[in-house]
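Morning, everyone. I'll take a few minutes to walk through one model. Have the sequence and the structure up while I talk.

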Amino acid sequence: MRARIALCPGDGIGPEVTHEARRVLDEVAAGCGLALAYDEHPIGGCAIDATGQPLPPATLAACAAADAVLLGAVGGPQWDDPAAAVRPEQGLLALRQGLGLWANLRPVTPYPSLRDRSSLRPDRLAGVDLMVIRELTGGLYFGTPRGRTIEPEGRRAVDTLVYTEAEIRRVVTLAFKVAAARRGKVTSIDKANVLESSRLWRQVATEVAADFPRVRLEHLLVDAAAMRLITQPSYFDVIVTENMFGDILTDEAAVLSGSIGLLPSASLGDGPRGLYEPIHGSAPDIAGHGIANPVGAILSVAMLLRHSLGLEAAAQTVERAVEDALRAGCRTRDLGGTLTTAQMGAAIRERVVDAGGDTSSAALLRAYR
Ligand code: IPM
Ligand code: MG
């Protein structure tokens, strides 16, 4: 089997963690006869510096021609001028939109070996295993009109939250399919007591539920959900929500696991092609020191194997290697340890090698893809 992977390391710690993720992917590929072709492209701040654009057309074209995109992070203080015409984040948003990646899967599974790193009491973490599905190409991030005007009473800024029925239906349907293969519960999170778009969201979610009699649907207001994620995180199985609600709630959910450096994500659209990136940012404060946690990027490789290449066994090999390394006490600084990015990557890679041939045992598509 062959696959073309577009690498977009981006800014800050992006290149450091992407490098380790790629090495893990190479290890897995060697173990299961997967021939990979990589090409690397600028996105974000480094792309602005090189070309003036956060998403150069050549980057988008290469990503569109790839089977999967592995991305690091974008942004940094040198591009943070609020008056700037172009921003690194625009590159990421344009890539998500340009590839039609309307669903962002963010699994949160705290590791028993890291219970001491969580801000929550260990008893609150028992049974926590949730999947957040964030709508990714609509809502507050993509509404028009947007912009600034100067009015007689002062400056005015506008962002709009728009959803169509079709946009809601496809992401909620995906959430139901994912839940059907898990514990059978969808929590749809909105602000229906205030927002019209949320009332449409709630209505469409309820309609979709009728097609999935074995999956339970609950609606929860986003403020209450934010609280419950901390007070009773085991309450959740699959969460589906608006773009910005999902952005905020997943940073919050990362606290459960002990470090935002641990969490991966998959951005998916209509076909198998996907964009895989850790949920953390470019962490300019530690960039260049070689101490960033590569686990979020490495677990993104597992999601890439699962969702874009259909290599479920290989995905599990990577996930097990991460779990084993953490259980053995391998920890980067964010987890209270001293390992460098490269050492952590090596610890995980060794365990992928040890898993040997069982990556080749199956290439099965997950039930819900
Ligand atoms: C994320 C990030 C991005 C987002 C930023 C960098 C634009 O926070 O992937 O969660 O808000 O989507
Ligand atoms: Mg975010």
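A283 sits in the loop between β12 (274–278) and α10 (295–307). Helices here are DSSP runs of H or I of at least four residues, strands are runs of E of at least two, and both are numbered from the N terminus. The phi of A283 is near 40 degrees, a positive value in a residue other than glycine. Most residues other than glycine have a negative phi, and most peptide bonds are trans. A283 is partly exposed, at 23% relative accessible area. On the terms: buried is under 20% relative accessible area, exposed is over 50%, and partly exposed is in between, with a 1.4 Å probe and protein chains only.

Some ground rules. This is a predicted model, where local features need pLDDT of at least 70, side-chain atom pairs count only at pLDDT 80 or more, and totals for chains, interfaces and linings use all residues. Residues are numbered from 1 along each chain as its sequence is written, chains are lettered from A and ligands numbered from 1 in the order in which they are written, and side-chain values use heavy atoms, with hydrogens and water left out.

Where is the cis peptide bond? It joins T144 and P145, with omega about 0 degrees. P145 is in the loop between β5 (130–135) and β6 (147–151).

Two strands pair if DSSP finds at least two bridges between them. Strands of a sheet pair through backbone hydrogen bonds, either parallel or antiparallel.

Contact means heavy atoms within 4.5 Å. Axes are lines fitted to C-alpha atoms, for helices over the stretch in contact, and angles run from 0 to 180 degrees between N-to-C directions.

Look at R96, in helix α4. Buried or exposed? R96 is buried, with a relative accessible area of 4%. Leaving aside neighbours within four places in sequence, R96 contacts L101, R106, R134, L136, T137, L275 and E277. R134 has a bridge partner of its own, T241 in β10. There, β5 and strand β10 (residues 238–241) pair in the parallel sense over four bridges.

Next, β4. Six of its six residues are buried, so β4 is largely enclosed by the rest of the structure. A103, L105 and P107 are on one side, N104, R106 and V108 on the other. With β5, β4 pairs in the antiparallel sense over six bridges. V108 stands opposite L130 in β5. With strand β11 (residues 264–268), β4 has three bridges, again antiparallel. There N104 is partnered by S267.

Then helix α7 (residues 196–209), which holds A205. A205 is buried, at 0% relative accessibility. Not counting residues up to four places away in sequence, A205 touches V172, F176, S188, L217 and H219.

Last, two helix pairs that share α12. Helix α1 (residues 14–32) and helix α12 (residues 341–355) have axes that come within 10 Å and cross at roughly 15 degrees. That makes α1 roughly parallel to α12. The cut-offs: under 35 degrees is roughly parallel, over 145 roughly antiparallel, 65 to 115 roughly perpendicular, and the rest oblique. α1 passes α12 in a right-handed crossing. A crossing is right-handed if the near helix is turned clockwise from the far one by less than a right angle, and left-handed if anticlockwise. The residues of this contact divide into seven nonpolar, two polar and five charged. Nonpolar is Ala, Val, Leu, Ile, Met, Phe, Trp, Tyr, Cys and Pro; charged is Asp, Glu, Lys and Arg; the others, Gly among them, are polar.

Helix α11 (residues 312–327) packs on α12 at an angle of about 125 degrees, with the axes 8 Å apart. That makes α11 oblique to α12. This crossing is right-handed too. By class, the contact has 10 nonpolar, one polar and two charged residues.

That's the tour.
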